Each structure stands twice: as C-alpha cells, then as structure tokens.
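Dear colleague,

Here is the structure you are taking over. Please look through it with the notes that come after.

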Amino acid sequence: MEEVRSRVALPLFVVSSVLLAVGGGLRLGGGADAAEVLWLMGTVVGLVASVAETATAVRRRRPTVDVIALLALVGALVVGEYFAGAVITVMLASGQLLEARAEARARRELRLLLERAPRTARRRVAEGVEEVDVGAVTPGDRLVVRTGEVVPVDGRLLTAATLDESALTGEPLPVERLVGETARSGAVNAGAPFDLLANASAADSTYAGLVRLVEQAQASSAPFVRLADRLALLFVPVTLVLAGGAWAVSADRVRAVAVLVVATPCPLLLAAPIAYISGLSRATRVGVVIKGGGALERLADARVIVFDKTGTLTRGQPQVVEVIPGGDDFPTDRLLQLAASLDQMSPHVLATAIVSAASARGLTLEMPEQVAEEHGYGLSGLVGQHRVALGKQSWIVPDPVPDWVLRARRRASLDDSMVVFVAVDGTAAGAFLLEDVIRPDAPRMVHGLRDAGIRRVVLLTGDRADTAETVGRIVGTDAVRAECDPGEKLAVITAEREGGTTMMVGDGVNDAPALAAADVGVALAARGATASSEAADVVLTVDRVDALADAILIAQRSRRIARQAVGTGMGLSLVAMVAAAAGLLPPAAGAVLQEGIDVLAIGLALRAVLPGRTHTVTMTPADVALGRELHAQHEAALPVVEEIRAVADRLSTDQPQLAPARRLLGRLRSDLLTHERADQEHLVPLVARALGPSATYSLTRTHAEIEHQVARLGRLLADIPDADVQPEDVVELRRLLYGLYGVLRLHNAQENETAFSLLPPTDG
C-alpha cells in the first residue's frame, strides 16, 4: 500500500497543481466559469484521494486526521467554494509527496548500499587466483583486491593500500593504509592491487553489519511524531465543535466550511517528521546511525552516560607500548622488524598489534618461510637468515631466567600488560609489552558530552578496580564501577536511570544486555557489527567516540526545531480557525492562508538539514596532511624514548659503562630534539588553529622541559670521566634518565590527546 501511495503522490500533486494554476489563469483572463469547472475538478480529485486515505486508515483501524480534509472538501462542494477545495487538494497532495519522497530517499540509500555490496572475492590458491562467491570466504584466506574493487570482507593488509572509505566514514579523501592495518569491507581500492588476509566472513564484516543497521534505522518513528499524530486527532472534535458552533451562532454554513479549511493540521503531520528525518540524516553523515526517531528523542534527553571500558574508552585491541631488548645484539627496531615479519602470517590479535607497530615505525618487513605454529605456545619461522620464534616465556626463555626477563614480567604486572617474548636463532632476544591503551580522543569526548548536557559520566567494567580507576581518572569520569559481571552491570544501569535518561556505551557481546536495558544503548561497530550493535539504539560506524557528542547535539537541535515548527504552525492554524469562526476569513482566503502556514512550518522544520553546533574539530586537508606527517615522525622517535629506559636499566654501580649513555645522548640531540623542535614550529600552530592558543601552553612548556633535561644530561656526562666513574655518578645519571623518560611519556600522551586525536581515524 505504501508503494502504491508513493506512485500516486506525484501524479496527484501535478494534476491538482495544474488544475489550480490553469483555473487561476482563466479567472484572471475573464473565464470565471471555466475556472470554476477546473477548480471543481480539483476538489473532486482531492475528495477521491481523501476518501481512499480515510478508508485505508479505517480498514487498518488506524486513527487519521484525513477526516478533517474530507469534511472540508465536502463542505467546499456543498457551498460552492471550489477554489478553496482545489487549494486543499494541492495541500494534501504536497504533503503526501513530501512524505513519499522521504520514504523513497530512505529506500534509495538502502538500495545503493545493497547494490555496492561485493558479490565475489578473488582468493589466492596454489594454482594462482580464483574467483569465489563472497560467502565462501573464511578467516585466514588470502585475497587479492584489484583497483576499483570493493573490499569484500574485513581483513589485515599484507601489502600497503590506498582506500576510499567514504561509504563507511564519510571522509571524502582516500587514506593510505600500511601493512598490518585493517581494511574494512565496503571500502574501495583507490590505488594499486593489494593482498588481504581475511579475518571475518562476509556476514560478520563491517559492510554487512552497516546494511543491517540502516534497515533497522528505518523501522520506527519518533515518540514526538506519534505524539503529533495524537495531538492532530484532538483537532477532529475541536474542529467539529468550533465549526458547528460557528454555524449555529451565525446560521452561516460557509463559516463552518472556512473553519474546516484552515483546520487541516499539515504543520503537525509534516513538520515533525521532516525535522527528525533531517536529524537522522545529519547524524549518519558524522558516522552515527540512529535507529529511528524514537532513539533520537531519547538521545536528546540523555543526562547520564555509562561507558564500558574495553573498546569504548580504550582501543579494544592490544597495542605494542614498549620493546624490551635482552641485550645489545638486536636493537629494538631490529627485534620488531623480525617479529613483525614472522607475525604477518598469523591472524592472531597479538600478531596484528606487532605488525601494526612495525608498520607505524616505517620498518620494511620480509616474507617469512617455514612458518609453523605450536598451538598454545607460539609461532616460529625463518626470516631471512634468522630462525625467529614468538610466544610464551616458558617456550622462548630457557632456565636460568635472565634478569631482563624478570624486569619485563614485573613491568607487565605493574601495568596490567601482556608480554610476548622473542627468540632469534635459539636465544631469547627480547620482549614486547602490549596494552589496551586509552583512546586519545576519550578525555576530549567526555568534555564534549558535558557541554552537550550530560551531567554524570560513569565507567562500568568487569576489569580490575585499579586499572579501571586509572582509566577513569585520565578520561574524567564521575564514578567507576569495576569487577562487575553482566548481572551487576544491569543493576548499575537500573540505579543510574533514577538520575535521568541514561545511555550505555559498549562494543562487546557481553554488553548487549546492558545496552538493551538502558534508555539509549550505544554500540561501537567501526570494526564490525556484533550482538551489541543489534541490541543498541545508536551505532557509531566510525572509530572515534567523540562523534557521540555530535550526535547528541544533532538530536537536541532536531527536536528543538521540530517543536518550534509544530508550535508555530499549529498556533497560527488555531488563530485562523477562530478568525474563520468569527466570519473574518472566508474559505478561499483561509485555504490560501493555510497553505502559507504549511509552507512556513515545513520551512522551519527544514532548518534541521543545515549544520549546527558540533563538538568535532574540522581540519583543513593541508593541516590533516601536516598532522599525519608529524605523527609519523612522532612514531619514528619512539625507539629513542625506549632506549632511554633500556640504558638506565643496564647502568650498574659495580661495573659502570658510560658508552651506551653517550651514544644515547647523540641520538637524543640528533633525532629527538630535532623532532621536538619541528613539533614546536609546526604542531603547536596546528593545534592553535584547531583548538585555540590556550590548548598549546602545556605542549610548549614540555618542549622546553625536554630541551632542559637533555642539556642537563649532556653536562653531567661531560663532567664524568670514563676512567674514574663513581657509584654516585651512576646513581645521578640513572635518576636523570628515568626523569627524562617520565617527562617524554607524559609529553607523548599530551600530544596524542591534544593534537593527534584531532586527525581523522586510520583504523590502523
């Protein structure tokens, strides 16, 4: 029935408009009788359409306000006000056309999504490359994506790629992806062909999840829209009483018809849906899928937000935070290069982290040979001329355990990190510490939520209390609820709802019950749809949580505009009804006035299409390019920072060796200080353009402190003779190195949060 209505809407609008316009032309030209005939035809056309709409509503037992239009058209015929009837017909037809267009646009967006979904994939096999149905792809398959093709499934890049991800993120510019980074299904290969290691099936990949989310988002209407329907129904008895009273008092049935003409509640029926549809569309552009107007209403009302930790305030996947060499034979970059070369062939999440870390540092990886996995222990293979093994300490490190292994285990325990050991040619050579790091944009996102009206922020997690408290302090939550099982999470959600409309944000399967229990469930699905995104009311399809603050601002603005449009339109309609009942507004003039009120209300509602206040910072393409270049330099400087701690760890008062510290000083002056000075010259102005000058003060201060500490290190080493190193000299040198290391760790966190979190995500 809806499709039939959509097909009829345009012809009805064209026919009614032509009859009204041609009749008006004839009337101005002196053909009054001919004009009346055309307007009569227009009234009859409207009456037939109104009867059909009313009959359909009655058959479905659905209340409708079309009865007002039906009575107005009948009244116009009875009293001979054919012009007024023709105008009412145009008004009804325009309303149906707008509604049909909105529905058609939603269907078209879904159809376009479905049409561009990949149907086949190219899989590498022993004989070459075969084309298979995309449903036949399984995790671990090696695929080839040619230029211009859509990425068929989620996977990890085995070769670098240039991807157009506009269909997923809205980011118009192609992005460069390095080996080891993630390529999501639905992105288009905008560069040379590349190889992809599949880590999900087509049904579980990002694009299939996005299509399902869009289907769900079209399935409901907003409470305000339903309220509009109920308020409109009140107009039926009010209109009949007012029209009947006017007729009874004046004995003039024309007044009753005039009241009916201006009583058609088109502003209420059209303005609210238009404002909400516009809001849903704007939210989608910033990477937030809101499942219907009901979710948008509740999102606008939210006052309490509850975050799960993993995957929301943190990355949700491990990242290499430190490389610990076991000696001087293999420096950190060489260790990482060997390990990442081997891990290219493993789909394990820890392998992905190590490969990504090597790619971020610009290391060239070799293709391993003779790769074998020891289930439950690790991976081994031949990388160049070296036999490399990665895995657990018990498999990699023989007894007796060296001191550096004990230090690595202690650091992992203190920071709640995972540790992976590496052996080269049968000898334990180092270790990698991996953590689920805090998202750099999380603190700024919490500030943005408070600006959007959120009064309380709660961290809810099943993780250890000390880890959760650390995350809560850094991002700025009001309360932390740690070590909670799914049942306890539900209890926390129930308690928080007493303080106002509550949002729950999560990304895992275990979050689905809490998402469903909250007033608004928000799921992060940038890395693929899960049970959480199915249970949620709002889904973030971009991998940056600060988009949630923008979604709240959009929801609030859309609701505010809808209420303004409806209030203005209905207020003017009520005034016109009273004027018509008093005999001050004849049916013809009332019909024209009502059409003007409709246009005004719809125009007010369409303001929701225009951009409003946002939290996300928009950077120019030039600043984005500069920021990414500086970020690459930032990543390249990390090995120098790691070397500071490694040199300090190996300093001994028994056999003091200052040569490593002197070599480190040379790297600090040539590499680190050069990078920090480039940041002061280029990164600080970039942040000032994006966030204002006040956001740069701490960066400038730490740049100066780093210069000062490196200068102090240089003076200390110059004062210590190699031939007569005293224990107190070693203690002072170690103290200075650890202090410099702490300053640099804090400074790097500041740069990530203040500057690099502004860059569009790379999902790497």
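The notes below go from the whole protein to single pairs of residues.

This is a predicted model, in which local features need pLDDT of at least 70 and side-chain atom pairs count only at pLDDT 80 or more, while totals for chains, interfaces and linings use all residues. Residues are numbered from 1 along each chain as its sequence is written, and side-chain values use heavy atoms, with hydrogens and water left out.

Overall: the protein has 26 helices and 22 strands (DSSP runs numbered from the N terminus; helices are H or I with at least four residues, strands E with at least two). Of its 764 residues, 52% are buried (under 20% relative accessible area; exposed is over 50% and partly exposed in between, with a 1.4 Å probe and protein chains only). Among contacts (heavy atoms within 4.5 Å) with a separation of 6 or more, 71% are between residues 24 or more positions apart.

Helix packing: α21 (residues 547-581) and α22 (residues 587-605) pack with their axes 8 Å apart, at an angle of about 170° (axes are lines fitted to C-alpha atoms, for helices over the stretch in contact; angles run from 0 to 180 degrees between N-to-C directions). The two helices are therefore roughly antiparallel (over 145 degrees; under 35 is roughly parallel, 65 to 115 roughly perpendicular, the rest oblique).

Salt bridges: the whole structure has 25 (a side-chain nitrogen of Lys or Arg within 4 Å of a carboxyl oxygen of Asp or Glu). One joins D301 and R559 at 2.5 Å, N to O. This pair links distant parts of the chain, with D301 in helix α10 (residues 293-301) and R559 in helix α21, 258 residues apart. D301 is partly exposed at 32% relative accessibility, whereas R559 is buried at 11%.

R667 and D671 form another salt bridge, at 3.6 Å. They are four residues apart in helix α24 (residues 659-691), so about one helical turn separates them. R667 is partly exposed at 31%, as is D671 at 36%.

Leaving aside neighbours within four places in sequence, Q370 contacts S380, G381, L382 and R387.

Regards
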